[in-house]
Amino acid sequence: MVEADLPGKLFIRRLNLQTDEKALEGAFGKYGRIIEVLLMKDRETSKSRGFPFVTLRTPRTPRPPSKT
């Protein structure tokens with residue numbers, strides 16, 4: 001199995017450039033145990049490129065909010 005084929009590996013696009021690894025962990029941690037957060041950065045400036053990969057050990061499908 002190739003790393004990209006992992007069932008819990010997520011690609012997020014169009015991420016706010018101010019979002020950091022801690023914010024991603026907080027946002028996605030409620031859907032399963034996080035194995036890795038990889039925030040792609042520019043080599044020269046070390047600024048976010050706007051797309052991370054988040055890998056969850058046991059991904060859970062988010063439930064839609066209940067209607068009351």
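Eight residues make up the largest nonpolar core: Ile 12, Leu 15, Leu 24, Phe 28, Val 37, Leu 39, Val 54 and Leu 56. Helix α1 and strands β2 and β3 are the elements giving two or more residues to this core. Here, a nonpolar core is a set of buried Ala, Val, Leu, Ile, Met, Phe, Trp, Tyr and Cys residues joined through side-chain atoms within 4.5 Å. Buried means under 20% relative accessible area, exposed over 50%, and partly exposed in between (1.4 Å probe, protein chains only).

The model is predicted: local features need pLDDT of at least 70 and side-chain atom pairs pLDDT 80 or more, while totals for chains, interfaces and linings use all residues. Residues are numbered from 1 along each chain as its sequence is written, and side-chain values use heavy atoms, leaving out hydrogens and water.

### Exercise 1: the salt bridge

Which residue forms a salt bridge with Glu 21?

*Solution.* Recall the cut-off: a side-chain nitrogen of Lys or Arg lies within 4 Å of a carboxyl oxygen of Asp or Glu. The partner is Lys 41, with the closest N and O atoms 3.6 Å apart. Now place the two: Glu 21 is in helix α1 and Lys 41 in strand β2, 20 residues apart. Finally, check accessibility: Glu 21 is partly exposed at 27%, and Lys 41 is partly exposed at 40%.

### Exercise 2: the aromatic rings

Is the pair of Phe 11 and Phe 53 stacked, edge-to-face or tilted?

*Solution.* Rings of Phe, Tyr and Trp (its six-membered ring) pair if their centres lie within 6.5 Å; planes under 30 degrees apart are stacked, over 60 edge-to-face, and the rest tilted. The centres of Phe 11 and Phe 53 are 5.4 Å apart and the planes are at 45°, so this pair is tilted. By contrast, Phe 51 and Phe 53 are edge-to-face, at 6.3 Å and 80°. Put together, Phe 11, Phe 51 and Phe 53 form one aromatic cluster.

How values were computed: Helices (H or I, at least four residues) and strands (E, at least two) are DSSP runs, numbered from the N terminus.
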